[in-house]
Amino acid sequence: MYNPLLDKKPYGASVANKATTIVFPLDSSLCVKRVFVVLRQVFGDGGEINGAPLRFELPYQKSENGQDFFVGEFTLTEWGIWKYRFEGEFENGDLAFFGRALDGTAVRGDWLPEWQLTVTKCDYKTPNWAKHGVTYQIFADRFCKVGDKPFLKRGRLHTDWYERPDIAREGVDYRADDFFGGNANGIISKLDYLKDLGVSLIYLSPIFESCSNHRYDTGDYLKIDSLFASEEEFANLVKEADARGIKIMLDGVFNHTGADSRYFNREGTYDTIGAYQSKNSPYYEWYYFTHYPDEYACWWGSTVVPTVNKNAQGFCDLILGDGGVIDKWTKLGVKGWRLDVVDELPIDFTTKLCRRIKKEGEDVLIVGEVWEDASTKIAYSEWRPYFMGEQLDSVMNYPFKEAVLAYTLSGNKDEFVAQVTSVLENYPKESLDVLMNLIDSHDTARALTMLSGVKPPFSKADRANFWLNSEQYALAKRRLKFASTLQYVLPGVPCVFYGDEAGVQGYEDPLNRVTYPWGREDEELLSHYRALGAFREKYADYLTGETHFVNDGDALIIERECEKGKLRLVCNNLTACVFVNDERVLEINA
């Protein structure tokens, strides 16, 4: 239940060596005479910290509408993650303790949870252009194909665009070696379609040379896969997209390479002496061999993607140096990098990588793949300082994904508010504004399938052949329209996984990576997504404003407020209405 002890939740972050102001309203009937905020640092320079608490008084300011307001400021000299709570002192010296309720409001009691204050190292900014519009994720091999390119790979090229992708047979390794041939010219042919959806950023799955259809096993970082495009064709894609106000973001896979690459060359495909072939290879120091040559460190035990030693000078030169990966492709006009499994990268390498990207322009967007709360992410026993001002602009927002899908399925408003509020409190506003808000991706089941509520079959073969019946599809579509409306209103930028707007369904890889169904789209869903795109464009200023939840019975109410006024989303039982300054501007009767 809402507790009026704290009306304004202390969202956002602070900056080291800059004053932070806190307003703490208390019910006047409590007769509290003095209020203190008590802070302790838990992560900072050097990692986990268990320092002595700091205590600052918040002087009484005024009384209004039955509340006493205590307002004060403090300055923290140490950057990192802090926790804080409040203490109230009565006339007789007794203390009352106040901690954080699940929805971020204050409650009185002992040993309660605390709030988090993220204190950044510097007052950083994220690219303004990235705070508006819609991101559209394209799995490069499966979106659209124009023209035929020579097929020079192992595996096979599908001749029917509408076929299902090959799936792993039980007990047989999945090679990801079936291709549909989606290409850059295909994307160019659909740029007007994407513009009509309100798309402002295309996030491309890896496009560098590779032996697989997903291309997360890079063969050559400095070459575009010939099945996707020539370098000239890719440059033309960047140019044509830019002419329509659409930027391109590439997938940077720097934790590992392919075993079938010019650097490792296990299959002998390349004319180089790879690390697998000789200890005298210039690439030998790039990898971690435990029993040469067949036992080596690799990503999650998959031997087709050997892990790279990010301290190897040759690798650093390739990625970070002049004429290297970041330099070459960013100079070609790329305006964003999504960093694959960024939590697998050493902290110092991530800092150097982000610094190198920003050297090409402060307006180049950096988004990391992080599945949890990125502000307190710990990987390999180390806290990751992603939001301290020297690394990521933002992350893929999987916490919002889980919250949106769960709320759409269950209607549990309190749990939704708790999950979203946690992110709002913990992330700096500049990072909140460019969050990649997804509800599915190439690594998850399709949202439409998940929202059907149907439990997936056990075997891969059964999942491959599973298709929602008409009744299941109709229900899932209603829920998708509702979930996507939330996605488009929450802080951050909505990211549509190609084909969601057309009714694509499917369980996990490779069934979530089917081809876009050109000519077979769900026109009702398409119309819905076009309306959402137009809505975001028209009310862009409101959708980067402050965010508040309003308590009003069973309804979920989210407010976005800016200088122009207030945008309010009211949700109840798969129905959503959006009001701007009390005028109804969007209605979803799912």
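Visitor: In which helix does arginine 479 lie?

Guide: Arginine 479 belongs to helix α12, which spans residues 470-489, a helix being a DSSP run of H or I of at least four residues, numbered from the N terminus. This is a predicted model, in which local features need pLDDT of at least 70, side-chain atom pairs count only at pLDDT 80 or more, and totals for chains, interfaces and linings use all residues. Residues are numbered from 1 along each chain as its sequence is written, and side-chain values use heavy atoms, with hydrogens and water left out.

Visitor: What makes arginine 479 a residue with no salt bridge?

Guide: A salt bridge needs a side-chain nitrogen of Lys or Arg within 4 Å of a carboxyl oxygen of Asp or Glu, whereas the nearest side chain of opposite charge to arginine 479, that of glutamate 471, is 10 Å away.

Visitor: Why is cysteine 577 called buried?

Guide: Buried means under 20% relative accessible area (1.4 Å probe, protein chains only), with exposed over 50% and partly exposed in between; cysteine 577 has 10% relative accessibility and therefore counts as buried.

Visitor: How do you know that cysteine 298 is in no disulfide?

Guide: A disulfide is a pair of cysteine sulfur atoms within 2.5 Å, and a search of the whole structure finds zero of them. For cysteine 298, the nearest cysteine sulfur, that of cysteine 211, is 15 Å away, and for cysteine 577, also in no disulfide, the nearest is that of cysteine 571, 8.6 Å away.

Definitions and conventions:
Helix = DSSP H or I, 4+ residues; strand = E, 2+ residues; numbered from the N terminus. Lys, Arg positive; Asp, Glu negative; His and termini not counted.
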